[in-house]
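Visitor: Could you walk me through this structure? I am new to it and would like to start with a single residue.

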Amino acid sequence: MQPALQILQTTDAAAVVGTRSPNEGGAHIGQGWLGDRKTEVFVRLAHALFPSLREFADVNAPLKMMRRKGAERIVEHGRIDGIAFDCERLLLMQKEGSLQKIPIEWRQQTGSRPPYGQLPRVLRDLIRTRR
């Protein structure tokens with residue numbers, strides 16, 4: 001949290017977003033082969049529907065720290081409460097200004113399972129976000 005807070009204190013970034021992507025210095029440990037495929041499919045869908053999110057290799061970023069104005073925008077305009085909420089929040093935060101990425105290490109908890117059976121809801125939520 002310290003690096004994220006420091007960025008907000010010393011720059012004009014609207015928000016700081018953590019990235020688990022190895023290409024951006026992060027790590028995602030313990031997700032497994034099937035979890036990796038699920039993530040790839042979700043990222044490709046999000047990038048296809050929202051070109052502005054292509055700058056994020058990790059559209060499900062588990063860390064988001066933002067200024068008050070960005071948080072208020074999410075409370076006022078956010079509609080998605082499912083898996084796709086991360087994309088909606090990134091889109092709303094982009095409207096507040098620049099976003100800074102920081103690498104993070106994310107460890108999948110034992111027993112935690114990606115919601116493989118929720119693809120129809122994910123698609124619906126992504127489409128709702130486009131409106």
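Guide: Let us begin with Glu-55, which sits in the loop between H2 and S3. Helices (H or I, at least four residues) and strands (E, at least two) are DSSP runs, numbered from the N terminus. Please note that this is a predicted model, in which local features need pLDDT of at least 70 and side-chain atom pairs count only at pLDDT 80 or more, while totals for chains, interfaces and linings use all residues. Residues are numbered from 1 along each chain as its sequence is written, and side-chain values use heavy atoms, with hydrogens and water left out.

Visitor: Is Glu-55 buried, exposed or partly exposed?

Guide: Glu-55 is partly exposed, at a relative accessible area of 43%. Buried means under 20% relative accessible area, exposed over 50%, and partly exposed in between (1.4 Å probe, protein chains only).

Visitor: What is Glu-55 in contact with?

Guide: Setting aside neighbours within four places in sequence, Glu-55 is in contact with Glu-24, Gln-94 and Lys-101. Contact means heavy atoms within 4.5 Å. The side chains of Glu-55 and Gln-94 also make a polar contact (3.2 Å). A polar contact is a pair of N or O atoms within 3.5 Å; within protein, one must be able to donate a hydrogen and the other to accept it, and residues adjacent in sequence count only if both atoms are side-chain atoms.

Visitor: How many residues separate Glu-55 and Gly-32 in sequence, and what is the distance in space?

Guide: Glu-55 and Gly-32 are 23 residues apart in sequence, and their C-alpha atoms are 24 Å apart in space.

Visitor: Let us step back. How many helices and strands does the chain have?

Guide: The chain has 5 helices and 5 strands. Along the sequence they follow the pattern α-β-β-α-β-α-α-β-β-α. The radius of gyration of the chain is 15 Å, close to the 14 Å that the globule rule gives for 131 residues, so the chain is as compact as a globular protein of that length. That radius is taken over C-alpha atoms, and the globule rule is 2.2 Å times the number of residues to the power 0.38.

Visitor: And what box do the C-alpha atoms fill?

Guide: Taken along the principal axes, the box is roughly 40 × 35 × 25 Å. Of the 131 residues, 37% count as buried. Among contacts between residues at least 6 apart in sequence, 78% join residues at least 24 apart.

Visitor: Which residues of H4 are buried?

Guide: They are Asp-86, Cys-87, Glu-88, Leu-90, Leu-91, Leu-92 and Met-93. Helix H4 (residues 85-94) has 7 of its 10 residues buried, so it is largely enclosed by the rest of the structure. The cover over those buried residues includes S1, helix H2 (32-49), strand S3 (64-66), helix H3 (68-77), strand S4 (99-103) and helix H5 (119-130).

Visitor: Take Glu-88, then. What does Glu-88 touch?

Guide: Not counting residues up to four places away in sequence, Glu-88 touches His-77, Gly-78, Arg-79, Ile-80 and Thr-129. Glu-88 is buried, with a relative accessible area of 5%.

Visitor: Where is Thr-129 placed?

Guide: Thr-129 is in helix H5 and is buried, at a relative accessible area of 11%. Residues up to four places away in sequence aside, Thr-129 touches Phe-50, Arg-79, Ile-80, Glu-88 and Leu-91.

Visitor: Now the strands. Where is Thr-19 found, and which side chain makes a polar contact with the Thr-19 side chain?

Guide: Thr-19 is found in strand S1 (residues 15-19), and its side chain makes a polar contact with the side chain of Glu-24 (2.6 Å). Thr-19 counts as buried, at 2% relative accessibility. Beyond its neighbours within four places in sequence, Thr-19 has contacts that include Asp-58 and Ile-102.

Visitor: And where does Ile-102 lie?

Guide: Ile-102 lies in strand S4 and counts as buried, at 12% relative accessibility. Ile-102 and Glu-24 are 78 residues apart in sequence and 8.0 Å apart in space, C-alpha to C-alpha.
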